[in-house]
Amino acid sequence: MGLLAALAAALLVGGCGSATTDRDTLGKSADAVHSTATEGALLADDAAAGRTIGTYRSVHAAALEETVSAEARTLEGAQAEAGLRADAARLANLADDVARLLVRLEAADAAEAGRLAEELRRAARRADELGGSP
Amino acid sequence: MRPIFQVALGILAAIGGFVDIGDLVFNVAAGAEFGFSLLWVVVVGVVGIIVYSEMCGRVAAVSKRAVFDAVRERLGFGVGLVALLAAQLVTFLTLAAEVGGIAIVLQLLSDLPFLALLPLAFLGLLAAIWFLEFEWIERLFGYAGLCLIVFVVAAIKLEPDWSSVAHGFVPQIDTGDPLVYLYFAVGLLGAAMTPYEVYFYSSGAIEEGWTPKDLGLNRLNTFIGYGLGGVLSFALMITAGALFLPQGIRPELIGTVALGTEVPLGQIGLLLALVGILFAVGGAAIDTCFSFAYNLAQFFGWEWGKYRGAARAPRFTLAWLVLLVLACGVIATGIDPVMLTEYAVIFSAVALPLTYLPILLVANDRAYMREHANGRLANVFGVVYLLVILFVALAAIPLMLITNMGQG
């Protein structure tokens, strides 16, 4: 069982840090950025409406920021296939932007949280475009 | 009030076992990925855990044998030892994941650093196990974990398409990736029937001094406790299917699980969800801690039981204490508790047959069970579920590898 766990871990690590970005992996990264941005937007909506708890908003926004920053690092560290390099770079930049928005959300007041929700939704839509989603 | 308190063991086993961190993660991830189409798997899992927990409780009440007594006796030392090692590895992984989960929820409630909260989680668990009587552990964690009912309210408030929900109770594989679907189905079954639930339940019955007179209570415990656990699992999956799936959100964090109540119910929903998760995961941590020590003591014939106290059961006490320290140590290294949970659930699926086969054998032994041995219905269910469990055990790791842990 230990051997299998090590094998699974190796496979996962290999999967996460794969050296090339093809259309499929770009799509998955775009889905991940979309997911985090959309979740951040929901959190920001609730912060704007006073429907959340401050500690939760701060900690969860930070956790989402960590997730999307890791995605950005993965994209930046991978070699994209010819023809996808520009989109991969744009997606990495977008992931960094989402991370910055989430950092701002950690301590935003209600008015700023409302603006951040809009920006995060725009980022989610942009991620869909870059990933080739309809 | 007494009957309500008496079903506490079932409720704790259900809240702390059926709705532990593994179920929170798998049910919400399954709902976000496949909507309501895996609800039928929860039904299969609930019936399975009811069948085997009822058997375990009956065996404990009648023969005074807990699971690993039966394992040692029926499988022999060699195979029994393999079963013990598999069970202990899975129980340890699960405990580590639960401890990490507790620290994360405390962080969401306090905004203090994770590593500062880990010792607090450790001390809280230690104090609860050391100072509270067994019955009060059940009551505190079982009933406080009932705050998770807020997910039922959230699921209703989100106004899902109820015809689609109903359709989800019918088995179907009409999804984009059948292997990922199967991976989630296996994970949900593994999470629902995770072995430590029955270790804890059967040993708990002996801790409480059950006799054949308590067989009615045993049935009540399993039906109410695990039935309730099933309802909460439905609610988690429906919430994720109604809220996260349409928006393309793939939950990877425990905080996301709680967001499922914040969006429809606001602050109060969020607070109840976080408290419910804290106590459910805390209860599961205590279940796993005890289960590890129960298994070891029963297999090697040591004195065991919380009711005996540390002085009369020193090796049992040392076992859970050391395990708790090790689990906190593992989480302090920075391992992601959610990732650990997924491994724990999948590996627990592999260990299922080694746990459930000896129970079925002992429950059929009239020398121990006399007139309380399995009837025809219990055996039909027992054998059918053993076959399901065998399939799950064989398929779990290949599916995990092929689907990259459900990532496709």
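## Basis

This is a predicted model, in which local features need pLDDT of at least 70, side-chain atom pairs count only at pLDDT 80 or more, and totals for chains, interfaces and linings use all residues. Residues are numbered from 1 along each chain as its sequence is written, while chains are lettered from A and ligands numbered from 1 in the order in which they are written.

## Chain A

Chain A has 5 helices and 2 strands. Helices (H or I, at least four residues) and strands (E, at least two) are DSSP runs, numbered from the N terminus. Read from the N terminus, the order in chain A is α-β-α-α-β-α-α.

Of the 134 residues in chain A, 42% are buried. Buried takes 20 or more other C-beta atoms within 10 Å of the residue's own; exposed takes 12 or fewer; partly exposed lies in between, with C-beta atoms placed from the backbone. Take the contacts in chain A between residues at least 6 apart in sequence: 81% of them join residues at least 24 apart. A contact needs two C-beta atoms, placed from the backbone, within 7 Å.

## Helices H4 and H5 of chain A

H4(A) packs against helix H5 (residues 110-131) of chain A at about 165°, with the axes 10 Å apart. This makes H4(A) roughly antiparallel to H5(A). Axes are lines fitted to C-alpha atoms, for helices over the stretch in contact, and angles run from 0 to 180 degrees between N-to-C directions. Under 35 degrees counts as roughly parallel, over 145 as roughly antiparallel, 65 to 115 as roughly perpendicular, and the rest as oblique. The crossing of H4(A) and H5(A) is left-handed. Left-handed means that the near helix is turned anticlockwise from the far one by less than a right angle; right-handed means clockwise.

On the H4(A) side, the contact residues include A:Arg90, A:Leu91, A:Leu94 and A:Val98. On the H5(A) side, A:Leu116, A:Leu120 and A:Ala123 are among them. By class, the contact of H4(A) with H5(A) holds 11 nonpolar, no polar and 7 charged residues. Ala, Val, Leu, Ile, Met, Phe, Trp, Tyr, Cys and Pro count as nonpolar; Asp, Glu, Lys and Arg as charged; the others, Gly among them, as polar.

A:Arg90 sits in helix H4 (residues 85-105) of chain A. A:Arg90 counts as partly exposed because 15 C-beta neighbours lie inside 10 Å. A:Val33 is 57 residues from A:Arg90 in sequence, and their C-alpha atoms are 12 Å apart.

## Contact between chains A and B

Chain A puts 25 residues in contact with 30 residues of chain B. Helix H1 (2-16), helix H2 (23-48) and helix H3 (54-77) of chain A each supply at least two residues to the chain A side. H2(A) gives the most, with 8 residues. The side of chain A that touches chain B has 12 nonpolar, 9 polar and 4 charged residues.

## Nonpolar core

The largest nonpolar core has 192 residues. Such a core is a set of buried Ala, Val, Leu, Ile, Met, Phe, Trp, Tyr and Cys residues joined through C-beta atoms within 7 Å. A:Leu91, A:Val98, B:Leu188, B:Cys289, B:Ala293 and B:Ile359 touch the most other members. Helix H13 (residues 254-300) of chain B contributes the largest share of this core, 26 residues.

Leaving out residues up to four places away in sequence, B:Cys289 touches B:Leu95, B:Ile129, B:Trp320, B:Leu323 and B:Leu324.

## Helices H5 and H15 of chain B

Helix H5 (residues 67-110) and helix H15 (residues 314-332) of chain B pack at about 65°, with axes 8 Å apart. Their crossing is right-handed. H5(B) contributes residues including B:Phe92, B:Leu95 and B:Gly100, and H15(B) residues including B:Leu323 and B:Cys328. The contact of H5(B) with H15(B) has 10 nonpolar, 1 polar and no charged residues.

## Loop residues of chain B

B:Asp20 lies in the loop between helix H2 (8-18) and helix H3 (21-34) of chain B. B:Asp20 is buried because 33 other C-beta atoms lie within 10 Å. Beyond residues up to four places away in sequence, B:Asp20 touches B:Glu98, B:Ala280, B:Val281 and B:Ala284.

B:Glu159 is in the loop between helix H8 (150-157) and helix H9 (162-167) of chain B. Phi of B:Glu159 is near 50°, a positive value in a residue other than glycine. B:Glu159 counts as exposed, with 9 C-beta neighbours inside 10 Å.
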